[in-house]
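Here is a walk through one model, from a single helix out to the ligand shell. Keep the structure open as you read.

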Amino acid sequence: MEQITYFGASPYTIDKLHLFDGVTDPAVGTLLEQCAIQRISNGEALPNMHGSVACVYVVLRGALGNTLLADDTQQVRNDKILPGESIGELSVLDEAVHANALMALEETDLLVIPSRTLWKLIDEVDGVARNLLRQLSFRLRAANAQLRRREKVGEFYRQLSMLDGLTGLYNRAWLNDKLAELVEEAHHAGRPLSLIMIDLDYFKKFNDQYGHQMGDHALRVAAGVLNAALRPSDFAVRYGGEELTVILPDSNATTGRMVAQRLCERMREAVVFEDMHVPLPHLTASFGIATLDAQHDQEDLVTRADAALYRAKEAGRNQISA
Ligand SMILES: Nc1nc2c(ncn2[C@@H]2O[C@H](COP(=O)(O)OP(=O)(O)OP(=O)(O)O)[C@@H](O)[C@H]2O)c(=O)[nH]1
């Protein structure tokens, strides 16, 4: 960055500078006369401070861009500062120099207004304070919009990280997070809650016989069975491998058994192969049901459902047990 001249000696005027929109007071020319014009070349970073004094940079020609330093590569974000626009007003207002990572996107001329001069402009020239406020509120709005966008993207990825990629059901991480919360809510409200552990029967044999891809497809079909049979307030989870879990808020032992029975039947009837030339494989599952007791926590609930599932397996599979 090099100083090429002073504003008073340059061909530039205040005509297209937003800070001076609608301002006709000739005092502006006098106050800006001695302000430096700096030139920075393409790709050069703007120093955080002009000396150690907070100042406003007004782009006269060229463009500045915000940079993100990641993995040693400088990436230019979309928010450009174009001719007429300025940056650094906040640093003047709160008298702190902010670490803005800015660089020239092409050869750029900047008018540098030191803090002392800007305050004089605000105090003495009608319209400058109004323009400054307008610029700051515009920037605040843009920053808010960006924050909201980031929040949305963050939320999207958070949701995504809670879903199982193969079946679209919630995953184990979600269960670990959410089950304690649901159990706590149920205890607090004195409401029942049931949990069903489900394990597809002889799934190793299914994979061996029809191939791993068809096994994946069968898992998706099983997930579809759960999704189609449950209420919107219930939750279907892929616990891991070929084990699935269903959480039934507001459901006592009778309802838990009824839902498990329904799921067991629908699983048995599920069509895995659409192609009728292929013999229908049997997709069945075993179900273990546990209902929350006042003295139990989520771990007890899962342990009891697991034990019930074990009994269903032992009793011959393709059935429910509580
Ligand atoms: N295709 C496919 N197979 C999976 C996936 N996750 C786990 N499996 C398979 O599921 C099978 C589970 O086998 P086992 O635990 O022996 O249980 P099983 O054969 O279902 O027998 P039982 O549960 O006793 O009825 C293993 O062969 C795993 O490879 C998956 O994402 N896709």
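A residue counts as buried if 20 or more other C-beta atoms lie within 10 Å of its own, as exposed if 12 or fewer do, and as partly exposed in between. The model is a predicted one.

Start with helix α5. By the cut-off above, its buried residues are L175, L179, V183 and A186. What covers them? The cover includes strands β9, β10 (235-240) and β11 (243-249), together with helix α9 (298-314).

Now check the length of α5. The helix runs over residues 172-189, which makes 18 residues. At 1.5 Å a residue it should span 26 Å, and its end C-alpha atoms are 25 Å apart, so the two values agree. There is also a kink in α5 of about 35°, centred on K178. Just after the helix comes G190, with a positive phi of about 65°.

Next, the ligand. It is surrounded by 17 residues, and the closest are F203, K204, G215, G241 and E242. Which elements supply at least two residues each of this shell? Among them are β9 (193-200), α6 (203-210) and α7 (212-229). By type, the shell divides into eight charged, five nonpolar and four polar residues.

Look now at F273. This residue sits in the loop between α8 (253-269) and β12 (285-291).

Turn to the open sheet. Five strands form it, in the order β1-β2-β8-β3-β6, and the pairing is antiparallel. The edges are β1 (2-6) and β6 (86-87), each of which pairs on one side only. Within the sheet, β2 (residues 36-40) and β8 (residues 108-114) pair over four bridges. In one of the links between these strands, I37 has L111 of β8 as its bridge partner.

Finally, step back to the whole protein chain. It holds nine helices and 13 strands. Of its 322 residues, 30% are buried. How many of the contacts between residues at least 6 apart in sequence join residues at least 24 apart? The share is 73%.

Conventions. Residues are numbered from 1 along each chain as its sequence is written. This is a predicted model: local features need pLDDT of at least 70, side-chain atom pairs count only at pLDDT 80 or more; totals for chains, interfaces and linings use all residues. A residue is near a molecule or strand if its C-beta atom, placed from the backbone, lies within 6 Å of it. Ala, Val, Leu, Ile, Met, Phe, Trp, Tyr, Cys and Pro count as nonpolar, Asp, Glu, Lys and Arg as charged, and the others, Gly among them, as polar. The expected span of a helix is 1.5 Å times one less than its number of residues. The bend at a residue is the angle between axes fitted to the seven residues ending there and the seven starting there. Two residues are in contact if their C-beta atoms, placed from the backbone, lie within 7 Å. Two strands pair if DSSP finds at least two bridges between them.
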